[in-house]
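Have the viewer ready and keep the sequence beside it. This briefing walks through a few places in the fold, one topic at a time.

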Amino acid sequence: MSAIRMTLRLCTLLTLVALASVPARAGERPVVVELFTSQGCASCPPADAFLHDLANRDGVIALSFNVDYWNYLGWTDTLASPAHTERQRAYVRRLGLSGVYTPQMVVNGAAEGVGSKRDKIEEKIAAARSEPFPVDIAFTDKGDTLVLDVGTGKAPGQPVTLWFIRFANEEKVEIGKGENRGRTMIYAHAVRELTPVGMWNGEAMKLTLPKNERLTAGLEGCVALLQAGTGGPILGAAQMAMN
C-alpha cells in the first residue's frame, strides 16, 4: 500500500480539533531513540540488542526502523520499508552526513551515532535529557477511543508534522540468507506503520482515534512524534501500549 493511501485511510479515522488549553505535564519528558537497522547487516545485531535494552528503559521511546537498501546482499529484510529508508535519508540530509549506513541511531532527531557504540549513544541520550521537549504530548485511553493531546508552544520557522507510529513489541525473525544467515534475531519496538496525521502551528490540538481493528490489530504500541521540517528535531513525543 502506498504512503498516500495509508495516510488517507488513517486520516479518515481521525478528528482533529483545536483546544483552548492543555494542562502541563511536568516530568513527562522522554528521549526518542531511533535505530536504523537491517536483517542483512552483519554489524547490526549488537545495536539491535542495545535498542532492545533501551525499549525496556523508563524515559526512553525506542523505535526500530528496518531499511531496505541492503536487500541486494542476498536476503530481503522482512520488516523493511522504503518509508523507513526515506526517513533515514532525511536525517542524513539534515545532519549533513555523507550517506546512509547501518546501524545508525538518531536521538531526538538532532544527534546521531553508530548504534553499536553504547557509550557514545548513552552520552547523546544524557545530553538530550538535559534539553527537554518544548511541547507537551500525552495519550489518554478512553476505552473505545484513544485521545492524543498536543500542547501549545512556539512554532519554528518551518512546517511541523505530527507523526503517528505503530509498532510490535518484538519481532522474531530467522535469517535464511545473507550476512546473518542462520541467526534468529529479535527486533524490539519494530515499526510497522509510520503515518503523518496533521500539521501543528503552535496551537493546542486534540486527536481522537477510534480503537477499532484498524488501529489495534496485531500491534502492541503506538508513538506520537511532533517533528520540525523534514528530518528535523523532535519537539514532543508520547508513547502508549495498545494492549
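Ala168 touches Ala188, His189, Ala190, Arg192, Leu219 and Glu220, leaving out residues up to four places away in sequence; contact here means heavy atoms within 4.5 Å. This is a predicted model, in which local features need pLDDT of at least 70 and side-chain atom pairs count only at pLDDT 80 or more, while totals for chains, interfaces and linings use all residues. Residues are numbered from 1 along each chain as its sequence is written, and side-chain values use heavy atoms, with hydrogens and water left out.

- You will find Ala168 in strand 8; helices (H or I, at least four residues) and strands (E, at least two) are DSSP runs numbered from the N terminus.
- Ala168 counts as buried because its relative accessibility is 3%, where buried means under 20% relative accessible area, exposed over 50% and partly exposed in between, using a 1.4 Å probe and protein chains only.
- Along the chain, Ala168 and Met242 are 74 residues apart, yet their C-alpha atoms are separated by 9.8 Å.
- His189, one of the residues that Ala168 touches, is found in strand 9.
- His189 counts as buried too, since its relative accessibility is 8%.
- The phi of His189 is near 50 degrees, a positive value in a residue other than glycine.

**Backbone features to look up**

- Most residues other than glycine have a negative phi, and most peptide bonds are trans.
- Asn108 is not a glycine, but it has a positive phi of about 55 degrees.
- Look for Asn108 in the loop between strand 4 and strand 5 (111-114); with 8% relative accessibility, Asn108 counts as buried.
- A cis peptide bond, with omega about -5 degrees, joins Thr102 and Pro103.
- Pro103 lies in the loop between helix 3 and strand 4.

**A buried arginine and a partly exposed alanine**

- Arg87 is found in helix 3 (residues 82-95).
- Is Arg87 buried or exposed? Arg87 is buried, because its relative accessible area is 7%.
- Beyond residues up to four places away in sequence, Arg87 touches Glu34, Phe36, Phe65, Trp163, Leu194, Leu225 and Gln227.
- Ala155 sits in the loop between strand 7 (145-150) and strand 8 (160-174), and its relative accessible area of 31% makes it partly exposed.
- Setting aside neighbours within four places in sequence, Ala155 is in contact with Trp200, Asn201 and Gly202.

- In helix 2 (residues 45-55), the buried residues are Pro45, Ala47, Asp48, Phe50, Leu51, Leu54 and Ala55.
- Their cover includes strand 2 (31-37), strand 3, strand 4 (104-107), helix 4 (118-129) and strand 9 (184-199).
- Helix 2 and helix 4 pack at an angle of about 35 degrees, with their axes 12 Å apart; axes are lines fitted to C-alpha atoms, for helices over the stretch in contact, and angles run from 0 to 180 degrees between N-to-C directions.
- Ala49, Phe50, Asp53 and Leu54 of helix 2 meet Arg118, Ile121, Glu122 and Ile125 of helix 4.
- These contact residues divide into 5 nonpolar, no polar and 3 charged, where Ala, Val, Leu, Ile, Met, Phe, Trp, Tyr, Cys and Pro count as nonpolar, Asp, Glu, Lys and Arg as charged, and the others, Gly among them, as polar.

**The whole chain**

- The protein chain has 5 helices and 12 strands.
- Of its 243 residues, 50% are buried.
- Among contacts between residues at least 6 apart in sequence, 72% join residues at least 24 apart.
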